[in-house]
Amino acid sequence: MANSRLRVIDSGATEAGSSGFEAYLRCPKEYQLQRIRGVMPVPRLHAPSAALLIGTFFHAARAAWVAYDRSSANGEKWRSAGAAAAEKHIRDGEDPAAVSQALTFSTDLFEQYVRWATLRPAWQPVVVEGKLGPAPFVLDDPRPLWRTARLDLVAKLPSLPGLWWSEAKTTSSEPSAVVEQYTLHTQILWGLALWRTAPQGEARHGPLRGVQLDIAQKGYGGRAAKFSRHIITVPPAALDWFVRDIRRHLRAANRMTPTSAAIRNPASCTRFHGRHRVACPYRPLCALGSLGVHRYTVGEEMKGIKWWT
């Protein structure tokens, strides 16, 4: 199993993964401001999303638990992984009190998850926090179209044939809503497509049959947390159209320059984050133009253009 050198920094998004490119799919102007022009909101000490922190710490703990701790009584490795992830967020300027509160909640939630998962048939892990790529979606594609992904866990499931990609999701919603969200979701399609072509994927381990979601429904207000396991499969035809379309989007994004015209998508000026709507971080700039520049930082190389337009 590829876990002997697993570290907290191995968790999370990769440098050319789906989460970074989703900005382009949401709104090309957002992608241009963030990725091409390097426009960033002014750094400040802030209270991050509790839901995001809880999910991040839960994710780090699960990776360490699967890799090291499944036979451990006290969970030393997974507790250390969650704490290290929290320390990183504090170093990055996030509110220590909010981070600490989220870590406490996440630790309690993961303790409950361990008790639940231990009663289920055990996975046979093949890859933990496995990075794919850089690799093309189609084998003869040029290097600018190559991308990366990270899969939480690839394992054999006792009750199902073949290999499965296992992901954990924390939520305040009903599990059925999470399954709906991730059916034909960019993250799922992106990861399955790259597994077919990346040397770290199918060529080394064999094909993936689909995705297994472990969903942790957080308990608030005295309610107990609930856990459930779900299977998502993607028909080959759906994966084929995703590959065709994402390559078209990648080519368009690669042609974008700091001064090229980029389309705005007003439908994405707010988007759901969990159960709440949040604003795009660049909405003040799109709304106010030059009057909103004080809220952002930009590199010296952009000072010669109207980067706020």
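Mentor: Start with Glu129, which is found in strand β2. Strands here are DSSP runs of E, at least two residues, and helices are runs of H or I, at least four, numbered from the N terminus. One caution: this is a predicted model, where local features need pLDDT of at least 70, side-chain atom pairs count only at pLDDT 80 or more, and totals for chains, interfaces and linings use all residues. Residues are numbered from 1 along each chain as its sequence is written, and side-chain values use heavy atoms, with hydrogens and water left out.

Trainee: Fine. What is the phi of Glu129?
Mentor: Positive, about 50 degrees, although Glu129 is not a glycine.

Trainee: And is Glu129 buried or exposed?
Mentor: Buried, because its relative accessible area is 7%. The cut-offs are under 20% for buried, over 50% for exposed, and partly exposed in between, with a 1.4 Å probe and protein chains only.

Trainee: Which residues line the largest cavity?
Mentor: Glu129 is one of them, along with His59, Arg62, Ala63, Val66, Val128, Asp152 and Leu153. The elements giving two or more residues to that lining are α3, β2 (124–135) and β3 (147–156). α3 has the largest share, 4 residues.

Trainee: How do you define a cavity?
Mentor: On a 1 Å grid over the protein atoms alone, it is a set of points where a 1.4 Å probe fits but cannot get out; lining residues have an atom within 4 Å of a point.

Trainee: What volume does the largest cavity have?
Mentor: About 40 Å³. The structure holds 1 cavity of 30 Å³ or more. Volume means the space filled by probe spheres set on the points, and grid points are joined across faces, edges and corners.

Trainee: Back to β2. Where is the cis peptide bond?
Mentor: From Gly133 to Pro134, with omega near 5 degrees. Pro134 is in strand β2 too.

Trainee: New topic: α4. How many residues does α4 have?
Mentor: 16, residues 76–91. α4 reaches 23 Å from first C-alpha to last, close to the 22 Å expected. That expected span is 1.5 Å times one less than the number of residues.

Trainee: Which residues of α4 are buried?
Mentor: Trp78, Ala81, Gly82, Ala85, Ala86 and His89. They cover an arc of only 135 degrees around the axis, so they sit on the same side of α4. The arc is taken over the directions from the helix axis to the C-beta atoms. On the other side of α4, Glu76 and Arg91 are exposed.

Trainee: What covers the buried residues of α4?
Mentor: The cover includes α3 (50–69) and α5 (96–118). Take His89, buried at 16% relative accessible area. His89 touches Leu53, Thr56, Phe57, Glu94 and Val99, leaving out residues up to four places away in sequence. Contact means heavy atoms within 4.5 Å.

Trainee: What follows α4?
Mentor: Gly93, with a positive phi near 100 degrees.

Trainee: Where does Leu184 lie?
Mentor: In the loop between α6 (175–182) and α7 (186–197). Leu184 is not a glycine, yet its phi is positive, near 60 degrees. Leu184 counts as partly exposed, at 41% relative accessibility.

Trainee: Last one. What is Phe227 in contact with?
Mentor: Leu109, Gln112, Tyr113, Trp116, Ile215 and Ala216, setting aside neighbours within four places in sequence. Phe227 and Tyr113 are 114 residues apart in sequence but 7.0 Å apart in space, C-alpha to C-alpha. Phe227 is in strand β6 (residues 226–232).

Definitions and conventions:
On a 1 Å grid over the protein atoms alone, a cavity is a set of points where a 1.4 Å probe fits but cannot get out, and a pocket is an open set with protein on both sides within 12 Å along at least five of seven lines; lining residues have an atom within 4 Å of a point.
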